[in-house]
Amino acid sequence: MTDTSAVKDALRRQQIETPSWAYGNSGTRFKVFAQRGVPRTPQEKIDDAAQVHRFTGVAPSVAVHIPWDKVDDYAALAAHAEERGVRIGAVNTNVFQDDDYMLGSVTNPDPAVRRKALDHLLEAVDIMDLTGSRDLKLWFSDGTNYPGQDDIRARQDRMAEALAAVYERLGDDQRFLLEYKLFEPAFYMTDLPDWGASYAHCVRLGPKAQVVVDTGHHAPGTNIEFIVAFLLREGKLGGFDFNSRFYADDDLMVGAADPFQLFRIMHEVVRGGGYDAYTGGVATPHTPRQERGAGVAFMLDQCHNIEPKIQGQIRSVMNVQEATAKALLVDMDALRAAQESGDVLGANAVFMDAYNTDVRPLLAELREEMGLHPDPVAAYKASGYYERVAEERKDGQAAGWGA
C-alpha cells in the first residue's frame with residue numbers, strides 16, 4: 001500500500017509555473033475576445049500570477065515572454081515579483097512575429113535574418129542573468145509550406161549553428177528547453193516537428209540542452225507517455241508545457257480533453273524520478289533514489305479566450321495536482337509484482353485503481369494543512385480581487401498577443 005503521508009509531503013512541495021501570457025487577452029487566430037480586468041503591463045501580469053500562488057500554494061513562478069513582457073529594468077521586474085511572493089521563471093523567446101521571419105528565423109536562407117534571430121535569443125539569456133531565471137524556452141515556427149521551397153538539410157545545419165551559439169552563452173546554472181511542434185504555421189515541413197528532432201539537437205550539444213514536451217504538439221493518437229519515459233531515461237526531459245487539445249494545438253486547460261492521459265504522463269514522471277527532482281529532492285513513495293535528478297519543470301502553456309483567466313489558471317494547477325496525486329498513489333510494489341508475473345489484467349487493475357481514486361478530499365485536507373482554503377477557486381472568487389482590478393484597469397491598453 002502507498003503511504004499517503006509521503007504522498008501529501010510530495011504534493012506539498014510541488015511547483016507549477018504559470019505563463020504571463022495566460023493573463024492577457026488571447027485566443028484563436030480568428031478572434032480574441034477581450035475581458036475586463038486584463039493586465040496592462042508585465043507587472044500586472046505578475047500580480048495576477050501571484051493570486052494563483054496565493055490560493056493554490058504551488059505556483060511560485062511565472063514565465064515571461066520577450067518582447068511581450070519587455071521592460072526597461074528586468075532586475076526591477078524580478079524584485080516586483082518577489083514583493084508579490086513569486087519569482088520570474090522561464091524566459092520565452094519570440095522569433096515568429098516579425099515580418100522578417102516569414103521564411104524562418106534561425107533557419108532562414110538570409111544570413112541577416114538569422115543574425116537578427118540569434119541576437120534576440122542571446123538577449124534572452126542576458127535577461128535570464130538579470131532575473132535569476134534557470135530556463136530559456138526555445139520554440140521555432142520555422143519551416144516550409146511547399147516541396148522544394150528550401151533545402152531541408154541546410155535548414156537543419158542553420159538550426160544547429162544557432163543552438164550551439166545559444167548553448168555556449170548559457171551560464172553554468174542555466175539551460176535551454178527545446179520545444180517542437182508537429183505543424184503550424186509551417187504546413188509542409190517544420191524544422192523541429194517532433195521530440196526526436198529536438199532530442200537529436202540536444203544530445204549533440206550536451207547536458208544544458210533538454211527537450212520540453214508541449215502536450216498539445218503531437219499528432220492524434222501519439223503516446224506522449226512513451227516520449228516522457230524515453231526522455232527521462234536518457235536524462236533529456238527538461239519540462240512540460242501543459243495544456244489540452246481536441247483537434248490541434250488548442251491550448252485549453254490541462255486535463256480538460258483527456259485527464260487519463262495527464263495521469264499516465266504523471267505516472268511516468270513519478271516513476272522516472274522527474275517529479276522528485278523538480279520538487280527539491282522530495283522522497284516520493286516509490287521512486288528509486290538512483291533514478292532521481294532529472295529536474296523536470298512543470299509549466300502551463302495556455303490561453304483563455306472565453307473562460308476567466310485567473311480562474312482558468314487555478315483550475316489548471318488543480319488538474320495537475322489531481323493527476324499527480326493519483327500517480328503518487330499507484331501501488332508500485334503490487335504493480336511490479338503483477339508485471340513481473342505476466343499478470344496483464346492484474347497490472348492494469350492496479351493502475352486503474354489509482355486513477356479511479358477520488359483525490360479531491362486528500363488535496364482539500366492538504367490545503368488546509370498548508371493554511372489554504374480547501375477550494376482555491378471558491379476562495380479566489382470570494383476574495384474580490386477580480387472586481388477590484390476590473391475597476392482599477394479600466395484605462396490603458398490591455399495586454400494581449402503581441403503586447
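This report walks through a predicted model of one protein chain, from its overall build to a few residues worth a look.

First, the ground rules. Residues are numbered from 1 along each chain as its sequence is written, and side-chain values use heavy atoms, with hydrogens and water left out. Because the model is predicted, local features need pLDDT of at least 70 and side-chain atom pairs count only at pLDDT 80 or more, while totals for chains, interfaces and linings use all residues.

**Overall build**

The average pLDDT (the predictor's confidence in each residue, from 0 to 100) is 92 for the chain, and 94% of the residues score at least 70. Residues 280-294 fall below 50, though this stretch still has 44 contacts in the model beyond near neighbours in sequence. Where pLDDT is low, the predicted coordinates should not be read in detail. Contact here means heavy atoms within 4.5 Å.

The chain has 15 helices and ten strands; these are DSSP runs, with helices (H or I) of at least four residues and strands (E) of at least two, numbered from the N terminus. Its C-alpha atoms fill a box of roughly 60 × 55 × 40 Å along the principal axes.

Of the 403 residues, 57% count as buried. Buried means under 20% relative accessible area, exposed over 50%, and partly exposed in between (1.4 Å probe, protein chains only). As for contacts with a separation of 6 or more, 77% of them come from residues 24 or more positions apart.

Ser20 sits in the loop between strand E1 (16-19) and helix H2 (42-56), and it counts as buried because its relative accessibility is 3%. Leaving aside neighbours within four places in sequence, Ser20 touches Lys45, Val62, Ala63, Val64, His65 and Asp69.

Now for the loop between strand E2 (61-65) and helix H3 (74-83), where Pro67 is found. A cis peptide bond joins Ile66 to Pro67, with omega about 15°. Trp68 lies in the loop between E2 and H3 too, and is buried at 11% relative accessible area.

Most residues other than glycine have a negative phi, and most peptide bonds are trans. Glu184, in the loop between E6 and E7, has a positive phi near 75°. The peptide bond from Glu184 to Pro185 is cis, with omega near 10°. Pro185 is in the loop between strand E6 (175-178) and strand E7 (189-190). Glu184 counts as buried, since its relative accessibility is 19%.

Asp251 is another non-glycine residue with a positive phi, about 55°. Its place is the loop between strand E9 (237-242) and H8, and Asp251 is buried at 13% relative accessible area.

**Pairs across the fold**

Here are some C-alpha distances set beside the separation along the chain.

| Pair | Residues apart | C-alpha distance |
|---|---|---|
| Trp68 and Gln156 | 88 residues | 28 Å |
| Ala162 and Ala382 | 220 residues | 49 Å |
| Pro374 and Phe55 | 319 residues | 9.1 Å |

Ala162 belongs to helix H5 (residues 152-169) and is buried at 8% relative accessibility. Beyond neighbours within four places in sequence, Ala162 is in contact with Val106 and Leu118. Pro374 lies in the loop between helix H13 (360-369) and helix H14 (376-383) and is partly exposed at 28% relative accessible area.

A pocket, on a 1 Å grid over the protein atoms alone, is an open set of points where a 1.4 Å probe fits, with protein on both sides within 12 Å along at least five of seven lines; lining residues have an atom within 4 Å of a point. The second largest pocket holds about 260 Å³ of space, the volume being the space filled by probe spheres set on the points, which are joined across faces, edges and corners. Its lining counts 19 residues, with Thr215, Ile224, Arg245, Asp258 and Gln261 nearest the centre. Helix H8 (residues 259-272) gives the largest share of that lining, four residues. By class, the lining has eight nonpolar, eight polar and three charged residues. Ala, Val, Leu, Ile, Met, Phe, Trp, Tyr, Cys and Pro count as nonpolar, Asp, Glu, Lys and Arg as charged, and the others, Gly among them, as polar.
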